[in-house]
Amino acid sequence: MIERRVISRAALAKQLGVKTASIAKWEKTWFPEPLQRVSDRLILYDVDAVERALAERAERTLRRNGFRRR
C-alpha cells in the first residue's frame, strides 16, 4: 500500500508565510483541492500535489516575466 504524505492547511500556510485564507482562495483558481476535510479547522492536502502546483505556478510566473529555465 502506498502511503500519501499529507500536510494541514495551517502547517502549509506557516511554511509558505501566508494566511490560511489565502490557500482557501487559491483553491478556486490554481491550487489543488484538499485531500480530506477532517473538520472546519483541519484540512489536509497531498504534499506531492501541492509541490507540483507550486512548481507549476513558479514556472508560469517566470515565463510571464520573460525568464526561461535552462
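How many bridges join E2 to strand E3, and in which direction do the two strands run? Strand E2 is joined to E3 (residues 43–46) by 2 bridges, and the pair runs antiparallel.

1. Basis of the model. The model is predicted: local features need pLDDT of at least 70 and side-chain atom pairs count only at pLDDT 80 or more, while totals for chains, interfaces and linings use all residues. Residues are numbered from 1 along each chain as its sequence is written, and side-chain values use heavy atoms, with hydrogens and water left out.

2. Overall composition. The chain comprises 3 helices and 3 strands, where helices (H or I, at least four residues) and strands (E, at least two) are DSSP runs numbered from the N terminus. From that terminus on, the elements follow the order β-α-α-β-β-α. The C-alpha atoms fill a box of roughly 40 × 30 × 20 Å along the principal axes.

3. The sheet. The 3 strands form an open sheet in the order E1-E3-E2, with antiparallel pairing; two strands pair if DSSP finds at least two bridges between them. Strands E1 (6–8) and E2 (36–37) stand at the edges with a single partner strand each, so one side of each is left without a neighbour in the sheet. Within E3, Ile-43 is the bridge partner of Arg-37.

4. Helices against the sheet. Helix H3 (residues 47–64) packs on the sheet and touches E1 and E3, its direction making about 70 degrees with that of E3. Helix H1 (residues 9–16) lies across E1, E2 and E3, at about 80 degrees to E1. Axes are lines fitted to C-alpha atoms, for helices over the stretch in contact (heavy atoms within 4.5 Å). Angles run from 0 to 180 degrees between N-to-C directions.

5. Thr-20 belongs to helix H2 (residues 20–26). Its relative accessible area of 38% makes Thr-20 partly exposed, a class lying between buried (under 20%) and exposed (over 50%), with a 1.4 Å probe and protein chains only. Leaving aside neighbours within four places in sequence, Thr-20 is in contact with Arg-9, Ala-10 and Ala-13. Thr-20 and Ala-10 are 10 residues apart in sequence, and their C-alpha atoms are 6.0 Å apart.

6. Of the 70 residues in the chain, 29% are buried. Among contacts between residues at least 6 apart in sequence, 40% join residues at least 24 apart.

7. Charge. The chain carries 17 positive and 9 negative side chains, and the centres of the two sets lie 9 Å apart. Lys and Arg count as positive and Asp and Glu as negative, whereas His and the chain ends are not counted. Each charge is placed at NZ of Lys, CZ of Arg, CG of Asp or CD of Glu.
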